[in-house]
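Here is a briefing on one protein model. Look over the sequence and the structure first.

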Amino acid sequence: MTTPFYRLPYEQRRDRLATTRHLTSAQLAIVARQRQSADEELIENYLTTYGLPEGVAVNLRVDGRSVAVPMVTEEPSVIAAASNGGRLLTSDRGITTTVARRELMGQIVCQRVRHPAVLKAWVQAHQAAILKVADAAHPTLLTHGGGARSIRVRVLPDDWVSIDLFIDVGEAMGANLVNTLTEAVADYLRPQIDGEVLMSILSNYATHSLVTARCAVPVDPLKTATLAGATVAERICAASDFAQVDPYRAATHNKGIMNGIDAVVLAMGNDWRAVESGAHAYASRHGQYRGLSRWWLDGATLHGELTLPLALGFVGGATRVFPLVAVNQQIAQVTSARELMRVTAALGLAQNVAALRALVTEGIQRGHMHLQLKSLALSVGATPAEVPAVVARLQERQPTTAQAQAALRAVRQANLTNKG
């Protein structure tokens, strides 16, 4: 009987893959170079560690202080755009932010409930007792200022009922905490439910962890060589308006915002997939998918606003596993989950204005192209020292891989000639 793959020692898993997938010695060498033994305990069937570049966005001013924001991304132009957006939104206070509260929600999902109204009334009448049950499931949370805060009952079609438990998880990312508390409450409620508890689980639609970033800046700094700042601002507002009426545009509008937010969330050891799902659900809260940000003019001042759920943690989870997270927290000078929410949302707004300005003026490709050319040069084997010369030969066209390879050959031939 063949041993299951996940039970094999690392070397046997690697060798089986090498044999069945015909990996070359060069490919195996790459796997070996990237292997991190500490990572083997994090995931099942570990093979190697896939790294992404980290950079720092600058020029951001958030709530009156200058901020440098670590970002992890493979997209060449993201950090450049965030830094440019920060420069465009410079003012005395810069981007201002608000966080009304920070709570996560767990759902106790009940099906085939025969008397939903009776269940709802019972839960509401016994809310205090239910919250005590939740807190007792993880009492140390209370010592950190957290705990269960409130309960909501939603009666849904086809005899579904969702009992929603809202929890202040302190500085933690909180998913496991929420699941523990909701499962304890589900056990307590079962005798009162004239139906069946299907599951108890965190919701990533974190509507009780909303953060808003706002800015108000003069239009003049938005100008280009050919367009006045007022004209650029009007176009930015028009692009914002279009993202409110067309979901096809809204998806790309929001993707641009999440370019920046995801990169920060990843650098800070948080769950970017949870953030993505919550943001896109929030964009659809009115029944149509819309842009998450809005831009409008008031005289000669451009206003911007971005609101989205950001259930981020400062401690726990991957923040304890990856040493760079602590370094990145120090670089950004964040000391709490709320500060991290504020900085992340501010960067999303800066990312958005940079993308919109490029779109409505020179087009998105011009700003992207130089960095894309560097990536293309590296992809065909150029060394860092050769990249500038290869890029210089590709500036005047939309290059293909074959053209990049030809440019690299020409650069190397020129270098040989010069040496001779």
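The notes below go from the whole chain to single residues.

This is a predicted model, in which local features need pLDDT of at least 70, side-chain atom pairs count only at pLDDT 80 or more, and totals for chains, interfaces and linings use all residues. Residues are numbered from 1 along each chain as its sequence is written, and side-chain values use heavy atoms, with hydrogens and water left out.

**Overall layout**

- The secondary structure of the protein chain comes to 15 helices and 10 strands. Helices (H or I, at least four residues) and strands (E, at least two) are DSSP runs, numbered from the N terminus.
- The C-alpha trace spans about 85 × 75 × 40 Å along its principal axes.
- Of the 420 residues in the chain, 45% are buried. Buried means under 20% relative accessible area, exposed over 50%, and partly exposed in between (1.4 Å probe, protein chains only).
- Among contacts between residues at least 6 apart in sequence, 71% join residues at least 24 apart. A contact means heavy atoms within 4.5 Å.
- The chain is divided into domain 1 (1-51), domain 2 (54-98 + 209-362), domain 3 (103-203) and domain 4 (368-418). These bounds come from an automatic or database domain assignment.
- Taken over C-alpha atoms, the centres of domain 1 and domain 2 are 38 Å apart.

**Aromatic rings and charges**

- Rings of Phe, Tyr and Trp (its six-membered ring) pair if their centres lie within 6.5 Å; planes under 30 degrees apart count as stacked, over 60 as edge-to-face and the rest as tilted. By this rule the count comes to one aromatic pair.
- That pair is Y10 with Y46, and it is tilted: 6.2 Å centre to centre, with 40° between the planes.
- The pair links distant parts of the chain, 36 residues apart. Y10 is in helix α1 (residues 10-20), while Y46 is in the loop between α2 (25-34) and β1 (54-62).
- Y10 is buried at 5% relative accessible area. Y46 is buried too, at 3%.
- R35 lies over the face of Y10, at 3.6 Å from the ring centre. R285 lies over the face of Y282, at 3.8 Å from the ring centre.
- A charge sits over a ring if NZ of Lys or CZ of Arg is within 6 Å of the ring centre and within 35 degrees of the ring normal.

**Two helices with a buried side**

- Helix α5 (residues 127-136) has the buried residues I130, L131, A134 and D135. They cover an arc of only 140° around the axis, which puts them on the same side of α5. The arc is that of the directions from the helix axis to the C-beta atoms.
- The cover over the buried residues of α5 includes α4 (116-125), α6 (140-143), β5, β6 and α7 (175-189).
- A128, K132 and A136 are exposed, on the face of α5 turned away from its buried side.
- Helix α11 (residues 323-332) has the buried residues V325, N328, Q329 and A332. Down the axis of α11 they fall within an arc of 105°, so they line one face of the helix.
- The cover over the buried residues of α11 includes β1, β2 (65-72) and α9 (247-267).
- P323, L324 and Q330 are exposed, on the face of α11 turned away from its buried side.

- Strands β9 (residues 293-298) and β10 (residues 301-309) pair in the antiparallel sense over six bridges. Two strands pair if DSSP finds at least two bridges between them.
- S293 has L306 in β10 as its bridge partner.
- Two residues lie between the strands of this hairpin, where G299 takes a positive phi near 65°.

**Backbone points to check**

- Most residues other than glycine have a negative phi, and most peptide bonds are trans.
- N59 is not a glycine, yet its phi is positive at about 75°. N59 is found in strand β1 and is partly exposed at 41% relative accessibility.
- D159 is not a glycine either, and its phi is positive at about 65°. D159 lies in the loop between β5 (147-156) and β6 (160-168) and is partly exposed at 44% relative accessibility.
- Q333 follows α11 and has a positive phi, near 60°.
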